[in-house]
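Colleague: I am new to this structure and would be grateful for a guided discussion of it. May we proceed by question and answer?

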Amino acid sequence: MFLSELKSILPTADQIGKLSIYRNVPSEELVELHPSDRLMVRLIQIDRLKQRIEGMLYKVAFAETWSLLNDVRFLDDMIA
(Lines give C-alpha, C1' and ligand atoms only; values in the text may rest on other atoms or scores of the structure.)
Protein backbone atom coordinates (compact mmCIF):
# COMPACT_ATOMS: atom_id res chain seq x y z
CA MET A 1 0.00 0.00 0.00
CA PHE A 2 1.29 3.44 -0.93
CA LEU A 3 0.77 4.92 2.55
CA SER A 4 2.86 2.18 4.18
CA GLU A 5 5.65 2.78 1.69
CA LEU A 6 5.48 6.53 2.23
CA LYS A 7 5.60 6.09 6.01
CA SER A 8 8.74 3.98 5.68
CA ILE A 9 10.64 6.71 3.81
CA LEU A 10 9.66 9.65 6.01
CA PRO A 11 12.68 11.70 7.04
CA THR A 12 14.37 10.81 10.31
CA ALA A 13 14.94 13.36 13.06
CA ASP A 14 18.54 13.73 11.88
CA GLN A 15 17.44 14.37 8.29
CA ILE A 16 14.81 16.85 9.45
CA GLY A 17 17.48 18.73 11.38
CA LYS A 18 19.77 18.92 8.36
CA LEU A 19 17.06 19.87 5.88
CA SER A 20 15.16 22.29 8.10
CA ILE A 21 17.24 25.19 6.75
CA TYR A 22 15.39 24.67 3.46
CA ARG A 23 11.94 24.51 5.04
CA ASN A 24 10.94 28.09 4.20
CA VAL A 25 13.05 28.85 1.13
CA PRO A 26 11.43 29.66 -2.21
CA SER A 27 10.95 26.82 -4.69
CA GLU A 28 13.54 28.35 -7.02
CA GLU A 29 16.28 27.67 -4.47
CA LEU A 30 15.19 24.06 -3.99
CA VAL A 31 16.03 23.33 -7.64
CA GLU A 32 19.69 23.20 -6.62
CA LEU A 33 19.04 20.23 -4.34
CA HIS A 34 19.11 16.59 -5.41
CA PRO A 35 15.58 15.35 -6.26
CA SER A 36 15.49 13.04 -3.24
CA ASP A 37 16.46 15.93 -0.96
CA ARG A 38 13.75 18.11 -2.55
CA LEU A 39 11.23 15.38 -1.78
CA MET A 40 12.36 15.24 1.84
CA VAL A 41 12.09 19.03 2.14
CA ARG A 42 8.55 18.87 0.75
CA LEU A 43 7.68 16.12 3.23
CA ILE A 44 8.97 18.06 6.25
CA GLN A 45 6.88 21.04 5.15
CA ILE A 46 3.69 19.05 5.80
CA ASP A 47 2.61 19.47 9.42
CA ARG A 48 2.22 16.22 11.39
CA LEU A 49 2.68 14.09 8.26
CA LYS A 50 3.59 10.91 10.15
CA GLN A 51 0.51 11.18 12.37
CA ARG A 52 -1.69 11.87 9.35
CA ILE A 53 -0.38 8.82 7.52
CA GLU A 54 -0.85 6.67 10.62
CA GLY A 55 -4.43 7.92 10.90
CA MET A 56 -5.16 7.08 7.27
CA LEU A 57 -3.61 3.62 7.69
CA TYR A 58 -5.74 3.04 10.78
CA LYS A 59 -8.86 4.10 8.90
CA VAL A 60 -8.13 1.65 6.08
CA ALA A 61 -7.38 -1.19 8.51
CA PHE A 62 -10.55 -0.42 10.47
CA ALA A 63 -12.66 -0.48 7.31
CA GLU A 64 -11.19 -3.84 6.30
CA THR A 65 -11.78 -5.29 9.77
CA TRP A 66 -15.33 -3.95 9.86
CA SER A 67 -16.02 -5.50 6.47
CA LEU A 68 -14.75 -8.88 7.70
CA LEU A 69 -16.93 -8.63 10.81
CA ASN A 70 -19.98 -7.90 8.67
CA ASP A 71 -19.18 -10.92 6.48
CA VAL A 72 -18.99 -13.13 9.58
CA ARG A 73 -22.31 -11.75 10.88
CA PHE A 74 -23.89 -12.39 7.48
CA LEU A 75 -22.66 -15.99 7.51
CA ASP A 76 -23.90 -16.46 11.09
CA ASP A 77 -27.35 -15.20 10.04
CA MET A 78 -27.40 -17.63 7.11
CA ILE A 79 -26.48 -20.58 9.31
CA ALA A 80 -28.99 -19.77 12.05
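Colleague: Among contacts in the chain between residues at least 6 apart in sequence, what percentage join residues at least 24 apart?

Modeller: The model is a predicted one. Taking the contacts between residues at least 6 apart in sequence, the share that joins residues at least 24 apart is 57%.

Colleague: Which radius of gyration does the chain have, and is the chain spread out or compact?

Modeller: The chain holds 5 helices and 0 strands, and from the N terminus its elements run α-α-α-α-α. For 80 residues the globule rule gives 12 Å, and the radius of gyration is well over this, so the chain is more spread out than a compact globule. Along the principal axes, the C-alpha atoms fill a box of roughly 65 × 20 × 15 Å. The radius of gyration asked for is 20 Å, that of a chain more spread out than a compact globule.

Colleague: What share of the residues in the chain is buried?

Modeller: A residue counts as buried when its relative accessible area is under 20%. Of the 80 residues in the chain, the buried ones make up 18%.

Colleague: Which residues of helix 4 are buried, and why do they lie on the same side?

Modeller: Helix 4 spans residues 35-44, and its buried residues are Met40, Val41, Leu43 and Ile44. They cover an arc of only 160 degrees around the axis, which puts them on the same side of helix 4. In general, an α-helix has 3.6 residues a turn, so residues three or four places apart point the same way. The residues asked for are therefore Met40, Val41, Leu43 and Ile44, within an arc of only 160 degrees.

Colleague: Which element gives the largest share of the lining of the largest pocket?

Modeller: The largest pocket has a volume of about 210 Å³. Its lining comprises 13 residues, with Leu10, Pro11, Ile16, Leu49 and Lys50 nearest the centre, and the elements that give two or more residues to it are helix 4 and helix 5. By class, the lining has 7 nonpolar, 1 polar and 5 charged residues. The largest share, 3 residues, comes from helix 5.

Colleague: What is the phi of Arg48?

Modeller: Arg48 is found in the loop between helix 4 and helix 5, and it is exposed, with a relative accessible area of 56%. Most residues other than glycine have a negative phi. Arg48, by contrast, has a positive phi, near 50 degrees.

Colleague: How many Å apart in space are Ala63 and Pro35?

Modeller: Ala63 is found in helix 5 and counts as partly exposed, at 44% relative accessibility. In sequence, Ala63 and Pro35 are 28 residues apart, and from C-alpha to C-alpha their separation in space is 35 Å.

Terms used. Residues are numbered from 1 along each chain as its sequence is written. This is a predicted model: local features need pLDDT of at least 70, side-chain atom pairs count only at pLDDT 80 or more; totals for chains, interfaces and linings use all residues. Side-chain values use heavy atoms; hydrogens and water are left out. Buried means under 20% relative accessible area, exposed over 50%, partly exposed in between (1.4 Å probe, protein chains only). Helices (H or I, at least four residues) and strands (E, at least two) are DSSP runs, numbered from the N terminus. The arc is that of the directions from the helix axis to the C-beta atoms. On a 1 Å grid over the protein atoms alone, a cavity is a set of points where a 1.4 Å probe fits but cannot get out, and a pocket is an open set with protein on both sides within 12 Å along at least five of seven lines; lining residues have an atom within 4 Å of a point. Grid points are joined across faces, edges and corners, and a volume is the space filled by probe spheres set on the points. Ala, Val, Leu, Ile, Met, Phe, Trp, Tyr, Cys and Pro count as nonpolar, Asp, Glu, Lys and Arg as charged, and the others, Gly among them, as polar. The radius of gyration is taken over C-alpha atoms; the globule rule is 2.2 Å times the number of residues to the power 0.38. Contact means heavy atoms within 4.5 Å.
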